[in-house]
Amino acid sequence: MKDLLKQAIELSKESVAAGGYPAGALVVRNGEIIARGLSDGQQLCDATSHAEISAIREASKKLNKRDLTDVVLYTSLEPCVMCFTASFWAHVPKIVFACSRKAVSPKYYEGEHDISELNKSSIRQIELVHFKELENEALKVITNWEETQLK
């Protein structure tokens, strides 16, 4: 789990290098990476171009199905409501993330939305795993990106 989450954090660095936001995601099935996603520069012209959405789209296309009940989504940053809902509709059973929404500004989430509360009210819950051990590593990418945005 730790190695895969580190790879998602590395993707967040790639996303920044591509002119996007500091977020990266992987879709993994049976230990194999099926898809990768960035929040790259395209997001500036497409509000749905988040790392998790990109990874889910790529996985669905590669597997030729929308039902992803046999995967795990690894992401550098706790998913926003849109990405959580896309995961729900794709039947993703588990999301593992490094940096929680509580560690960053509410502007990243357009407010104080809480996916764990949304999850509780859903018919089918997604297992949400905050891997706190890597939070500072993921947060460093975000902090570095924020510093470049202020210049």
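## Cysteines

At 0% relative accessibility, Cys 99 counts as buried (under 20% relative accessible area with a 1.4 Å probe and protein chains only; exposed is over 50%, partly exposed in between). Cys 80 is buried too, with a relative accessible area of 13%. The model is predicted: local features need pLDDT of at least 70, side-chain atom pairs count only at pLDDT 80 or more, and totals for chains, interfaces and linings use all residues. Residues are numbered from 1 along each chain as its sequence is written, and side-chain values use heavy atoms, without hydrogens and water.

With a disulfide defined as a pair of cysteine sulfur atoms within 2.5 Å, the count comes to zero. For Cys 80, the nearest cysteine sulfur is that of Cys 83, 3.7 Å away. For Cys 99, the nearest is that of Cys 80, at 14 Å.

## Helix H3

Helices (H or I, at least four residues) and strands (E, at least two) are DSSP runs numbered from the N terminus. Helix H3 spans residues 81–89, and its buried residues are Cys 83, Phe 84, Ala 86, Ser 87 and Phe 88. Their cover includes helix H2 (51–63), strands S3 (72–77), S4 (94–99) and S5 (127–130), and helix H4 (115–120). Just after H3, His 91 has a positive phi of about 65 degrees.

## Sheet

Five strands form an open sheet of mixed pairing in the order S2-S1-S3-S4-S5; strands pair if DSSP finds at least two bridges between them. S2 (32–39) and S5 are at the edges with a single partner strand each, so one side of each lacks a neighbour in the sheet. S4 and S5 pair in the parallel sense over four bridges.

Methods
Contact means heavy atoms within 4.5 Å.
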